[in-house]
Amino acid sequence: MSRKQLLAQKRQEFIEERGIICMNNVSMNYPEAGAPAIDDITLRIDPGEFVFIVGDSGSGKSTMIRLLLRELLPTSGDVCVMGYNTRKLRHSQIPAFRRNIGVVFQDFRLLKDRNVYENVAFAQRIIEVPSREMRRNVPSILAMVGLAGKYRSNVKKLSGGEQQRVALARALVNKPEILLADEPTGNLDPNNAWEIMDLLEEINEQGTTVVVVTHNPEIVNAMKKRVVTMKRGLIVNDEEEGTYVNED
Amino acid sequence: MKIRSLFYTLGQGFRNLFKNGWYSLASIATIGACLFLFCIFYSVVGNLRYILNNVEKGVSVQVFFNYDVSEERVQEIGKEIRNRVEVSKVIYHSDEEIWETFGPVWAGEDYDEVYMENPLVGEHNFEVYLNDVSLQSSLVTWLESMNEVRKVNYSEITANTLSGVNLIIAYISIGIIVILLAVSIFLINNTVRVGISVRTEEINIMKYVGATDFFVRAPFVLEGMIIGALGAALPLALTYNLYDYVLGYISGRFSVLAELLTFLPLDSVFSVLMPVCLIVGIGIGFLGSFITVHKHLRV
């Protein structure tokens, strides 16, 4: 067995034992803030799960996403994603690590000077997919998110819902193991929001682990998925087929 | 990195140039203006120093010998003078040559008939030219220390004034060139930084999607280098034409001035200006973008 195969096997064993995402006694303090953004939380998410992270503004949801993306390192504790301890990742290893994580943001974060096709193809260029393969993959993923006819459109001219679909296509085109969505419906009307959520559910059914950060109670309550509720940096509730309990 | 990715990133660099057209133009204009000032200043100072050096080269020391020193000894001393490091040229004036020059002035065209013998016997001398006029005093001291030497003619004031002026010009020009280059580096770097800072979001997106530092950085660095190269090429072209025109104008309109003064040839000015401007322009474009992008890569 080659070293690469051995590492993959070890990683698989680690994921089976501790989950595709695991946070052990993780705290995160921003130097400028008084209270910790995340306060000694422990969380495990298994491969193929669909999890909502809910909570009010300032509860630590977005910080959690940034920790999972290895944009931040925890002040204490360990964050493990796909078998990698983010603390032990070297700067040069971060790009390869992120290529297995799809990410979608509330504000879409598209390359505004490029069209729909180029935005999605960009993710493929980064992992050096041959052009011929790229020309197959990109239209296929655009068809999946319902944008087959708009691949030449300028992203600035698309509606919010369409822009989020482009972001979703970009996040998925490299077939990531995990999809992180930070308030993916925050800027969308209810119809578009539901369309995006349906897509996320479809992606999850295909085996991708989906973590959605939101504070939209209607969506959370209707979808009957695992709900992790955060408040002031703490996990106050973690429930299978849970609901979003707004204590205010 | 695969070849196609390299071409892609290079293509993006060129694309960025046109995509951010106004920024590119502003950067090229800033770099161009700074380097144009540098080119003009260098041309003026270079010529001033060249003219001064030419004047310095015209300053000579005349060495006369005791009347009883033999011709052989005089020639030996001439060899010693020629071997001195501060000496650039030595001309020997024999008694006959001097008489041929001054005879007609003193006694008219028939000086040979008026004077049966050369009255200037023993006045033979060396006319010594220096590499650097500031070294005149050390040469004169050495000459005067020789027993055979009767008299050394030189102008201390001329030498001191020339070397003083030369030194002042050298200091001022080094100072101004350093300031101009520093200002250029600051302005160009700032322009590149501002241009990249407004594209922080683009860099962040690339990093979130999993782009390597090289993949993100290469287009920006290439863009910076192209802007630097264009920003250097424009003032060089402008200075080249302007310099050529001014030299032509002076020799055409002020022929008296052109006869008195010789200016640095175009090639000699540009053998310095071209590499300096290109290195400064491309170098700052490279370093400015490299360092600025680096700050945004810690995502």
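How many residues of chain A are in contact with residues of chain B? The answer is 23 residues of chain A, which touch 23 residues of chain B, contact being heavy atoms within 4.5 Å. This is a predicted model, in which local features need pLDDT of at least 70 and side-chain atom pairs count only at pLDDT 80 or more, while totals for chains, interfaces and linings use all residues. Residues are numbered from 1 along each chain as its sequence is written, chains are lettered from A and ligands numbered from 1 in the order in which they are written, and side-chain values use heavy atoms, with hydrogens and water left out.

**First stop: chain A against chain B**

Please select both chains. Together they bury about 2200 Å², with 54% of it on carbon and sulfur atoms; buried area is the accessible area (1.4 Å probe) that two parts lose on being put together, summed over both. On the chain A side, select A:H91, A:R98 and A:E128, which lose the most area to chain B and together account for 28% of what that side buries.

Next, select A:D113 and B:R15. These residues form a salt bridge whose closest N and O atoms are 3.3 Å apart, and the rule finds 1 salt bridge across this interface. A salt bridge is a side-chain nitrogen of Lys or Arg within 4 Å of a carboxyl oxygen of Asp or Glu. Side chains of opposite charge can pair when their charged atoms come close.

Between chain A and chain B there are also 7 residue pairs in polar contact, both residues at pLDDT 80 or more. A polar contact is a pair of N or O atoms within 3.5 Å; within protein, one must be able to donate a hydrogen and the other to accept it, and residues adjacent in sequence count only if both atoms are side-chain atoms. The elements of chain A that give two or more residues to this side are α3 (94-98), β6 (101-105) and α4 (116-126). Helices (H or I, at least four residues) and strands (E, at least two) are DSSP runs, numbered from the N terminus. Select α4(A), which gives the most, with 5 residues. By class, the chain A side has 11 nonpolar, 1 polar and 11 charged residues. Here Ala, Val, Leu, Ile, Met, Phe, Trp, Tyr, Cys and Pro count as nonpolar, Asp, Glu, Lys and Arg as charged, and the others, Gly among them, as polar.

**Second stop: the domains**

In chain A, colour domain 1 (18-100 + 176-242) and domain 2 (111-175) separately; such bounds come from an automatic or database domain assignment. The C-alpha centres of these two domains of chain A lie 24 Å apart. In contact are 14 residues of domain 1 of chain A and 13 residues of domain 2 of chain A. The two domains bury about 1200 Å² between them, 69% of it on carbon and sulfur atoms. Within domain 1 of chain A, A:R99, A:P176 and A:L199 lose the most area to domain 2, together 43% of what that side buries.

Now select A:R165 and A:E195, whose side chains meet in a salt bridge (2.1 Å, N to O). Helix α7 (residues 190-205) of chain A gives the most to the side of domain 1 that touches domain 2, with 7 residues.

For chain B, select domain 1 (3-55 + 162-296) and domain 2 (60-154). The C-alpha centres of these domains of chain B lie 52 Å apart.

**Third stop: inside chain A**

Select helix α2 (residues 61-68) of chain A, where 6 of the 8 residues are buried; buried means under 20% relative accessible area, exposed over 50%, partly exposed in between (1.4 Å probe, protein chains only). Among the buried residues of α2(A) are A:M64, A:I65 and A:L67.

Move to A:E49 and A:R226, whose side chains meet in a salt bridge (3.0 Å, N to O). A:E49 lies in the loop between β2 (38-45) and β3 (50-55), and A:R226 in strand β9 (residues 226-231), 177 residues apart. Both A:E49 and A:R226 are buried.

Then select A:E177 and A:R11, a salt bridge with its closest N and O atoms 3.6 Å apart. A:E177 sits in the loop between α6 (160-172) and β7 (178-182) and A:R11 in helix α1 (residues 3-18), so the pair ties together parts that are 166 residues apart in sequence.

**Last stop: a network in chain B**

Finally, select B:R73, B:E76, B:E80 and B:E148, which are linked in a network of salt bridges. Over all chains, the structure holds 19 salt bridges.
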